[in-house]
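Subject: Structure handover

Hello,

Here is the structure for you to look through. My notes follow below it.

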Amino acid sequence: MVDFEILHRLILLAQQAINAVGALIVTWGVAEALVRFLRLKLMRGGDGMTYGTQRIRERLGLHLLLALDVFIGADILGTVADPDWTKVGILGAIVAIRIVLSYLLTREIEEAHRVLSGIDNGAEPAKPPDKTKS
C-alpha cells in the first residue's frame, strides 16, 4: 500500500530540488555573461562590442529559456502534490506568462543569431525598405 504522506513529501522535495536547479541555471548564465562581458570590455576596450554583446545576450537567453522550462516543471509538480482549483488557476497563469516569455525570448535569440550570422558572413545588416519611393 502506498503511503500518500510520504509520496506528497517526496513530490514537494522534488519540486524544491528542481527549483534549485532552475536557480542554478539562471545564476550560471548570469555569471557567465558577466565574465564574458568584462573580458570583452577589458580585452577589446570597446572595439567589436556590438558583435560581442550580441553573442553574450544570445547565450544568456538560452540559459534563461532552459531555466523557464525547468521552473514550469517544478510548478507542475507542486500543483500535482497539492491540487485545488485555485492552485490550478495560478499554475495556468504562471505557465501562460512563462510561455509568452519563452516565445519572446526565442524570437529575440533567433533575431540576434540572424544578425550575428550576417556579421560572420561579412554581410551588412538588412536595411528597412525606403518608403518614400512609390
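Which side chain meets that of Asp82 in a salt bridge? Lys87 does, at 3.0 Å, N to O. A salt bridge here is a side-chain nitrogen of Lys or Arg within 4 Å of a carboxyl oxygen of Asp or Glu. Asp82 is partly exposed at 37% relative accessibility, and Lys87 is partly exposed at 33%. (Buried is under 20% relative accessible area, exposed over 50%, partly exposed in between; 1.4 Å probe, protein chains only.)

Before the rest, the ground rules. This is a predicted model, with pLDDT of at least 70 needed for local features and 80 or more for side-chain atom pairs, while totals for chains, interfaces and linings use all residues. Residues count from 1 along each chain as its sequence is written, and side-chain values use heavy atoms, without hydrogens and water.

The salt bridge count is seven. Arg98 pairs with Asp75, with 2.6 Å between the closest N and O atoms. That pair links distant parts of the chain: Arg98 is in helix 3 (residues 85-120), Asp75 in helix 2 (residues 49-81), 23 residues apart. Helices are DSSP runs (H or I, at least four residues), numbered from the N terminus. Asp75 is buried, at 16%.

Glu32 and Arg36 form another salt bridge, at 3.5 Å. Both sit in helix 1, four residues apart, about one turn. Glu32 is buried at 17%; Arg36 is partly exposed at 34%.

Last, Val26, in helix 1 (residues 4-44). Beyond four places in sequence, Val26 contacts Leu64, Ala67 and Phe71 (heavy atoms within 4.5 Å).

Best wishes

Conventions:
Helices (H or I, at least four residues) and strands (E, at least two) are DSSP runs, numbered from the N terminus.
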